[in-house]
Amino acid sequence: MKRFRFAFVLAAAALALTGCDWFSPVIPMGNKYSYFLHISFTDREGNELAAPLAAEVYKSDASSAWRGEINPEKYTLDLTLSKPEIVSDNIGVSFTMTKFSDEHVMETPNSDGTYGPDGKWYLNFRGYVMDSGVTHHDFLKYKFTCPVVFGDNSAHEIISYWTAGIQSSNIEYFPACTKVVIDGKEMTPVRGVTISQETNTSYIGYFVDVVLDRADN
């Protein structure tokens, strides 16, 4: 299998596909497959472990509103695709964080991009894959290192499994996530849909909530 390393947020792709732009991404020629996985991490007392990453309000462009970016020094992220014939030029990765409601609807941020007290923090593992054929990846495998979340420097394995899902246009597809396995623990994701009233479009994501029993708690 071909592996791709994304140790930093791909700024151009991330900024083009975050914030309000989530609902209107630039779609290149060919078939586009969007794999939207969202994971929350809490400890056994219910504390949100990713919250310190949001509190930093890291911005690659200080003149813009915060778009959920995460300090690239605080994590590493490796991606393995199930189809090795997909070349790296056809892959985009956006790793950000956003607050969603209990119904997994995207919360509306303030004008500066920050959020109020409502909602729960989710880390957004968004994969965008261009493919000339009508197909999808059976799984996406991440190696994720983030001491802020896990309390250690180890690489943690996240595998998401996907089926064909829905076709939203003649070139754009949203595969459906059927299972997520994190460090060997299997979880069933929940589908969440956010409707944009302004553009009459929808954002479809898949959510899992992880409770970590950290040694430092």
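A charge sits over a ring if NZ of Lys or CZ of Arg is within 6 Å of the ring centre and within 35 degrees of the ring normal. In this predicted model, the charged end of arginine 126 sits over the ring of phenylalanine 36, at 5.9 Å from the ring centre.

**Charges over rings**
- Arginine 126 places its charged end over phenylalanine 36.
- Lysine 179 lies over the face of tyrosine 161. The distance to the ring centre is 4.6 Å.

**Tryptophan 66 and tryptophan 121**
- Tryptophan 66 lies in the loop between helix H2 (51–55) and strand S3 (76–81). Tryptophan 121 belongs to strand S5 (residues 120–131). The pair therefore ties together parts that are 55 residues apart in sequence.
- Tryptophan 66 has a relative accessible area of 4% and is buried. Tryptophan 121, at 12%, also counts as buried, because the limit is under 20%.

**Tryptophan 162 and tyrosine 206**
- The ring centres of tryptophan 162 and tyrosine 206 are 5.9 Å apart. With planes at 85 degrees, this pair is edge-to-face.
- Tryptophan 162 is in strand S7 (residues 156–167), and tyrosine 206 is in strand S11 (residues 201–212). The pair links distant parts of the chain, 44 residues apart.
- Tryptophan 162 is buried at 4% relative accessible area. Tyrosine 206 counts as buried at 7%.

**The ring cluster and phenylalanine 150**
- Ring pairs join Phe41, Tyr75, Phe95, Phe125, Tyr142, Phe144 and Phe150 into a cluster.
- Phenylalanine 150, one of the cluster members, lies in helix H3 (residues 147–150). Its relative accessibility is 7%, so phenylalanine 150 counts as buried.
- Which residues does phenylalanine 150 contact, leaving aside its neighbours within four places in sequence? They are Phe41, Phe144, His156, Leu212 and Arg214.
- The C-alpha atoms of phenylalanine 150 and aspartate 216 are separated by 9.6 Å. Along the chain, these two residues are 66 residues apart.

Definitions and conventions. Residues are numbered from 1 along each chain as its sequence is written. This is a predicted model: local features need pLDDT of at least 70, side-chain atom pairs count only at pLDDT 80 or more; totals for chains, interfaces and linings use all residues. Side-chain values use heavy atoms; hydrogens and water are left out. Helices (H or I, at least four residues) and strands (E, at least two) are DSSP runs, numbered from the N terminus. Buried means under 20% relative accessible area, exposed over 50%, partly exposed in between (1.4 Å probe, protein chains only). Contact means heavy atoms within 4.5 Å. Rings of Phe, Tyr and Trp (its six-membered ring) pair if their centres lie within 6.5 Å; planes under 30 degrees apart count as stacked, over 60 as edge-to-face and the rest as tilted.
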